[in-house]
Amino acid sequence: MKSDVEELMPRLLPVECGSGTVGDLDLSGPPRNPQEYLRQVQLEASLCPEVVVAQIDPKKLRKKQTVNASVAGCHAAPVGFSPSLRWQQQQVSNFSQVRQSITRHRKHWTSQTLDDNVLMPKLTDEEGWKRFCLGEKVYLGTSSSHTDAEPEPALDYSKMGFPPFLSIISRLNQSTVLMVLEILIGWFEEREFVPQLGRWLYALLACLEKPLLPEAHSSIRQLARRCAQLRSTLDSQEDDKLPALNLLICLVARYFEQNDLADQQE
């Protein structure tokens, strides 16, 4: 008599029972021939329960399991603070050319030897990446940006932050690009905009591959919203931060097609 499973799922490989019985099979040892192998598989399947309940540790579910792709929009720009559509289109065109140049020359720049003082952090070293990209002064909060009042006696990238040289960013794979992008955006959420941050955000966006992963989608939207929120607090159109904030919003909205975040014609 056929089992319920056999009724629903016809055999693809007919198995001859032969003269032996189920009790003759030795599941602890390797099968001696193909026929015995198929009989062992058949027997093991018959011993499996029809319903299996997974034992899940609730503690493991406390970690972040999903990506929240927020659809919230940006703060509207104050009158006169948003760029023209033509300006946005020009920035997208320039950005596209930068991305193509990085792609074409990646192999060349990757082959270049880094200076001895360039010690790139490990992928999971969040604090190390903040120090590397932003510099000790910004990281420790002793200086919000570079100034001309007190020039450095020598070029010290550990204090100023390493610029995103092509020889550096060409070595970053997509996992690292996304990780560093998330680290810097997280830092930006609680702090002011500084030039070192702007340079790195632009470079990382230039290395971010399309189509976007869900994590990247969420991160760049978070970046655009933060830029728009900070822009809404500016007092003057002459503020040095305004062009950089407009540029980042433009790239996220126009190049990466987050159109609901785009600045519209006034």
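Which residues in α7 meet which residues in α8? The model is predicted, so local features need pLDDT of at least 70 and side-chain atom pairs count only at pLDDT 80 or more, while totals for chains, interfaces and linings use all residues. Residues are numbered from 1 along each chain as its sequence is written, and side-chain values use heavy atoms, leaving out hydrogens and water.

**Helices α7 and α8**
- Q174, V177, V180, L181, L184, I185, W187 and F188 in α7 meet L197, W200, L201, L204, L205 and C207 in α8 (contact means heavy atoms within 4.5 Å).
- By class, this contact has 13 nonpolar residues, one polar and no charged ones (Ala, Val, Leu, Ile, Met, Phe, Trp, Tyr, Cys and Pro count as nonpolar, Asp, Glu, Lys and Arg as charged, and the others, Gly among them, as polar).

**Helix α2**
- Helix α2 covers residues 34–47, and its end C-alpha atoms are 20 Å apart, which agrees with the 20 Å its 14 residues should span at 1.5 Å a residue (the expected span is 1.5 Å times one less than the number of residues).
- E36, R39, Q40 and L43 are the buried residues of α2 (buried means under 20% relative accessible area, exposed over 50%, partly exposed in between, with a 1.4 Å probe and protein chains only).
- P34 and A45 are exposed on the other side of α2.

**Loop residue S170**
- S170 sits in the loop between α6 (166–169) and α7.
- With 5% relative accessibility, S170 counts as buried.
- Leaving aside neighbours within four places in sequence, S170 is in contact with R106, W109 and T110.

Note on methods:
Helix = DSSP H or I, 4+ residues; strand = E, 2+ residues; numbered from the N terminus.
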